[in-house]
Amino acid sequence: MKVLVIGSGAREHALVWKLSQGFPDTEIFAAPGNPGTALLARNLPVNVDDMDLLLETAKGIGIDVTIVGPEASLALGIVDLFRSEGQAIFGPTRGAARIETSKSFAKQLMSDAGVPTAEFAVFDSFAEATAYIDGQDMPIVIKADGLAAGKGVVVAQDYQEAIEALESMMVSKTLGSSGERVVIEECLVGKEVSVFCFTDGRNVSSLVAACDYKRASDGDTGPNTGGLGAYSPPWFWDNDLEREILEKIMIPTILEMERTGNIYTGILYGGLIITDQGPKVIEFNARFGDPEAQVILPRLESSLLDIILATISGKLLE
């Protein structure tokens, strides 16, 4: 079998490493890959945002299944493109990936599904956003609606910091079009945890959890990042917490996606916080996490490739 992994990060190295175990006759390719994947796979000089060339390359090599690593490719609709050409691919469609690529879409979905999350409001107007903040308790969370490589979230400690974040996103457009719309949320307090499951659109696997280190600088004094390391399992993770998150968050989310016509397949990644009122969703991501993939994939005892093929074919329960 020939497998293509799209991406160039540590996540993709972890995926290639896991795929290389157990199936020595599997031929693995990475596009564009990195020096780590080059030790285990054949790197291809194709960027993650070059949809047409990725498809042409997959067809030319005779790839049996493609695995999408980064959110950028999902946002551009690579799954839709590959499926339209009869190519097996692991990941959600562009419409379903909005659970990550649009914070406002995700928040409305959670609200409709009754999934516990922070109170929120969505704004396209800088003036309306600033007026809203004037009456809110601090700290408060400002989120760019679109993708921002882990840099689109500001936990503002006071009114001035909140206004500066809004000006940066909505007026100066430091995040480009991603910050033209913002989501403003109450600041939740508790232990953060990243939770992952496979889903074929209706069935959901058991969960695996990890904790990453988001804030830069010693003592978590710096800005949020895309993640500076991780560990798994979290010390507080247990069967009761897994069951609660599965029943109250992951399954209702997948079923709501199906109800709205955005059937979600692939990996669903919930960024959660364990509050005094129970687990609540901070955000969803539509793929394996980086750095979390580096600590959860080594724990996987089953064949990753078998799970991926079952997910694509709708046979996850098997």
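**Close-up 1. Helix H6 supplies the largest share of the lining of the second largest cavity, 4 residues.** This is a predicted model, and the cavity in this view holds about 30 Å³ of space. Its lining is made up of Lys103, Ala106, Lys107, Met110, Lys143, Glu185, Ile282 and Glu283. Strand S14 (278-285) joins H6 here, as each of these two elements supplies at least two lining residues. Sorted by class, the lining has 5 charged and 3 nonpolar residues, with no polar ones.

**Close-up 2. Helix H6 meets helix H9.** Let's stay with H6 and look at a helix partner. Two packed helices are described by the angle between their axes and the distance between the axes. Here the axes of H6 (residues 103-113) and H9 (residues 239-259) come within 9 Å and cross at roughly 105 degrees. On the H6 side, the contact is made by Phe105, Leu109, Asp112 and Ala113, while H9 brings Pro252, Thr253, Glu256 and Met257. By class, you will find 5 nonpolar, 2 charged and 1 polar residues in this contact.

**Close-up 3. The largest cavity has a volume of about 40 Å³.** Rolling a probe the size of a water molecule over the atoms shows where empty space is left. In this model the count comes to 2 cavities of 30 Å³ or more. Around the largest cavity you can find Val68, Leu74, Phe90, Gly91 and Pro92, together with Gly266, Ile267, Ala286, Arg287 and Phe288. The lining of the largest cavity divides into 7 nonpolar, 2 polar and 1 charged residues.

Note on methods
Residues are numbered from 1 along each chain as its sequence is written. This is a predicted model: local features need pLDDT of at least 70, side-chain atom pairs count only at pLDDT 80 or more; totals for chains, interfaces and linings use all residues. Side-chain values use heavy atoms; hydrogens and water are left out. Axes are lines fitted to C-alpha atoms, for helices over the stretch in contact, and angles run from 0 to 180 degrees between N-to-C directions. Contact means heavy atoms within 4.5 Å. Ala, Val, Leu, Ile, Met, Phe, Trp, Tyr, Cys and Pro count as nonpolar, Asp, Glu, Lys and Arg as charged, and the others, Gly among them, as polar. On a 1 Å grid over the protein atoms alone, a cavity is a set of points where a 1.4 Å probe fits but cannot get out, and a pocket is an open set with protein on both sides within 12 Å along at least five of seven lines; lining residues have an atom within 4 Å of a point. Grid points are joined across faces, edges and corners, and a volume is the space filled by probe spheres set on the points.
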